[in-house]
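My notebook is open and the viewer is running. I am jotting down what I look up as I go, from the whole chain to a single residue.

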Amino acid sequence: MDNCTFPRYSDNDIVVHIRNCLLTGSEAKSFSKSDLFPKSKPEVLQMIFMRALQSVYGIRLEHFYMMPVTFETAYPQIFEGFLPIGNLFIKMESLFPICRVHDFQVADVISPKAKKIARFLSGILNFLFFRDSRREVYLEIQSTYKSAMEKVQRLQMTIQQAALKLEKLDTIPTDQQAEFKELSQDIQELEHKLNQEYQQKTNALREANQQKRIEIAEKTQHLNELKLAICNLKEEQEQLKSKITESPEELMNCKERLMETLQKIKKEKQEVIKKYEAYRDLVEILPPCQLEIQLYQKKMQTQGANVDKLCSILAEIRTLEDQIESSKSEFASAETEKMSLKRLITAKRNKLSIAEIKMKKIHEDTEQRKQAITEYCSQFQEKRGAVCEKLTATCAEIKQFKSAIQQLNDNVAEKKSKSQVVLLFSFDSRSLLGRKEKQGWQMSYGELSNF
């Protein structure tokens, strides 16, 4: 658990955040750093845990002193002193996995340690800060959703009002319906007549234009042919100039031919100009017909004004529809953001579940290792007991050998003392005998024995 997924706060930061986030009033004033660090007080820690549960789950103080309904005992008075700690442990055991803490125990409530308490409190504070930030984001999304819904309602009201206005404009009063029908029929008849006359005149003009265009194309082709002929004649003239001989009569004949061709071209050009002027005169005859057309156009313009009004109303409706679509797009974007947040939450929950599974596997591995170690210790203790029994047996044997050795030593000492006495006696007897021999004393064997 040293590699936490939440920041580890310092002691001073933990104290400041607890005062600002959890405690209020006299509790915040009386709370100090010495209550937690270096030796934490269980009462103060239990109070902080209770305030955290109140802020997260809304649990009241009365709930900590209540016996669970599912728990049946004949003597509930026995559990009165332990009920608050037990209920606090159960509630905190459900809160700490959410805070990314998985090694909470009852000993942490009864006899807490400073390092573990710092990690527990930093996890709780990190969860509270995360909850506040997510709450702000959710409230912003909720406010945007409400504003979008209000806009949608307003736009729907405006659309209904615009539809009512369109119905009013489309509906014709009963008094004017007959006149409107007559006018509409007259207008349709006039439009039909004008369209027929216009089509007839346009068809005639198109046919005349086509004929004139055909004639002009033929004339242009002929002119182009003449231009080509003139170019060819000029080239021949230049070639002939280079090949001038002393015959001026031939030159005069060529010049006359060229002059005749130029005169023909000029005549044809004049004829084309005359035809063009006649065609222009025909086109100038059109204005009297155009006056009638203008009258009909004025009537059509009045209808066009009504159509423009309808178009403006339709444009307003389209703008309103665009606003509705924009609001819908905003609403859709808000929903996409909401879905993205939900996906992030689900991903984080999946990560939490994966981490919990890993932690469970680690706990299972540690428990298996503990069981293996306990089995090894039990086997070692059994072996140790057998060795101790052997040692006690050897110690008893050693004591027996020692007692036997002491007895032997005692026997040897007694024998040594007896031998020493005998030796002393023998030595003294020899010394006395020598003296008596010197002095001439004669002693019997009985006396020596008495001596």
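This is a predicted model: local features need pLDDT of at least 70, side-chain atom pairs count only at pLDDT 80 or more; totals for chains, interfaces and linings use all residues.

I began with the elements and found 10 helices and 0 strands in the protein. Helices here are DSSP runs of H or I with at least four residues, strands are runs of E with at least two, and numbering goes from the N terminus. Read from the N terminus, the order is α-α-α-α-α-α-α-α-α-α.

Residues are numbered from 1 along each chain as its sequence is written, and side-chain values use heavy atoms, with hydrogens and water left out.

Next I checked confidence, using pLDDT, the predictor's confidence in each residue from 0 to 100. The protein averages 78, and 79% of the residues score at least 70. A contact means heavy atoms within 4.5 Å.

Then I looked at the chain overall. Of its 451 residues, 16% are buried; buried means under 20% relative accessible area, exposed over 50%, and partly exposed in between, with a 1.4 Å probe and protein chains only. Among contacts between residues at least 6 apart in sequence, 70% join residues at least 24 apart.

How do the axes of α3 and α4 cross? I found that the axes of α3 (residues 42-57) and α4 come within 10 Å and cross at roughly 55°. Axes are lines fitted to C-alpha atoms, for helices over the stretch in contact, with angles from 0 to 180 degrees between N-to-C directions. That angle makes α3 oblique to α4. I listed the residues in this contact: Q46, F49, M50, L53, V56 and Y57 from α3, with I85, L88, K91, M92, S94 and L95 from α4.

Last, I picked N87, which lies in helix α4 (residues 83-95). Is N87 buried or exposed? N87 counts as buried because its relative accessibility is 10%. Leaving out residues up to four places away in sequence, N87 touches H63, F64, Y65 and M66. I noted that N87 and Y65 are 22 residues apart in sequence and 7.7 Å apart in space, C-alpha to C-alpha.

Definitions and conventions: Angles under 35 degrees count as roughly parallel, over 145 as roughly antiparallel, 65 to 115 as roughly perpendicular and the rest as oblique.
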